[in-house]
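Reader: I have a structure open and would like to learn how to read it feature by feature. Could you walk me through it?

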Amino acid sequence: MNAEVICIGTELLLGEILNSNAQYLAKQLANLGISHYYQTVVGDNIERIHRALAIAAGRAQIILTTGGLGPTPDDLTTERSPPFSTPP
């Protein structure tokens, strides 16, 4: 079993904030013994988010996403990602 981390946010791509979520999640996955070979950073653009999710789904059994959940209009993750999520 392996995981992939997708971090969403244009502010990450622009270097406006440090991507500490990716570091934290990588450490936690390692502590759990879950392999993780890819991390992706994608801006707040629904087509690119969907593309990143589709690529990750083809190579990982677990996909962890962070970001894209804020109060600004460009934060689209909650509203637009349900086609890729499955309830536990």
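Reader: Let's start with one residue. Where is the place of Thr66?

Author: This is a predicted model, so please read each value as computed from it. Thr66 sits in strand 3, which runs over residues 62–67.

Reader: Is Thr66 buried or exposed?

Author: The cut-off for buried is under 20% relative accessible area. Thr66 has 13%, so it is buried. Beyond its neighbours within four places in sequence, Thr66 is in contact with Ile6, Cys7, Ile8, Asn21 and Leu25.

Reader: Good. How does that strand fit into the overall layout?

Author: The protein has four helices and three strands, and along the sequence they come in the order β-α-α-β-α-β-α. Of its 88 residues, 32% count as buried. Among contacts with a separation of 6 or more, 73% are between residues 24 or more positions apart.

Reader: Now the helices. Which residues of helix 2 are buried?

Author: The general idea first: an α-helix has 3.6 residues a turn, so residues three or four places apart point the same way. In helix 2, the buried residues are Ala22, Leu25 and Leu29. Viewed down the helix axis, they fall within an arc of 70°, so they line one face of helix 2. Exposed on the other side are Tyr24, Ala30 and Asn31.

Reader: What do the buried residues of helix 2 pack against?

Author: They pack against strand 1 (2–8), strand 2 (35–42) and strand 3. As for its geometry, helix 2 covers residues 20–32 and reaches 19 Å from its first C-alpha to its last, close to the expected 18 Å. After the helix comes Gly33, with a positive phi near 75°.

Reader: And which residues of helix 3 are buried?

Author: Those are Ile46, Ile49, Ala52, Leu53 and Ala56. They cover an arc of only 125° around the axis, which puts them on the same side of helix 3. The length check works here too: the twelve residues of helix 3 (residues 46–57) should span 16 Å, and the end C-alpha atoms are 16 Å apart.

Reader: Where is Thr40 found, and what does it touch?

Author: Thr40 is in strand 2. Not counting residues up to four places away in sequence, Thr40 touches Glu4, Val5, Ile6, Cys7, Ala52 and Arg59. Take Ala52 from that list: it is twelve residues from Thr40 in sequence, and their C-alpha atoms are 7.4 Å apart.

Reader: Last topic, the rings. How many aromatic pairs are there in the whole structure?

Author: In general, a pair of aromatic rings is described by the distance of the centres and the angle of the planes. Here the search of the whole structure finds zero aromatic pairs.

Methods. Residues numbered from 1 in each chain as written. Predicted model: local features only at pLDDT ≥ 70, side-chain atom pairs only at ≥ 80, totals over all residues. Heavy atoms only, no water. Helix = DSSP H or I, 4+ residues; strand = E, 2+ residues; numbered from the N terminus. Buried < 20%, exposed > 50% of the residue type's maximum accessible area, 1.4 Å probe, protein only. Contact = heavy atoms within 4.5 Å. Phe/Tyr/Trp six-rings, centres within 6.5 Å; stacked < 30°, edge-to-face > 60°. Expected span 1.5 Å × (residues − 1). Arc of directions from axis to C-beta.
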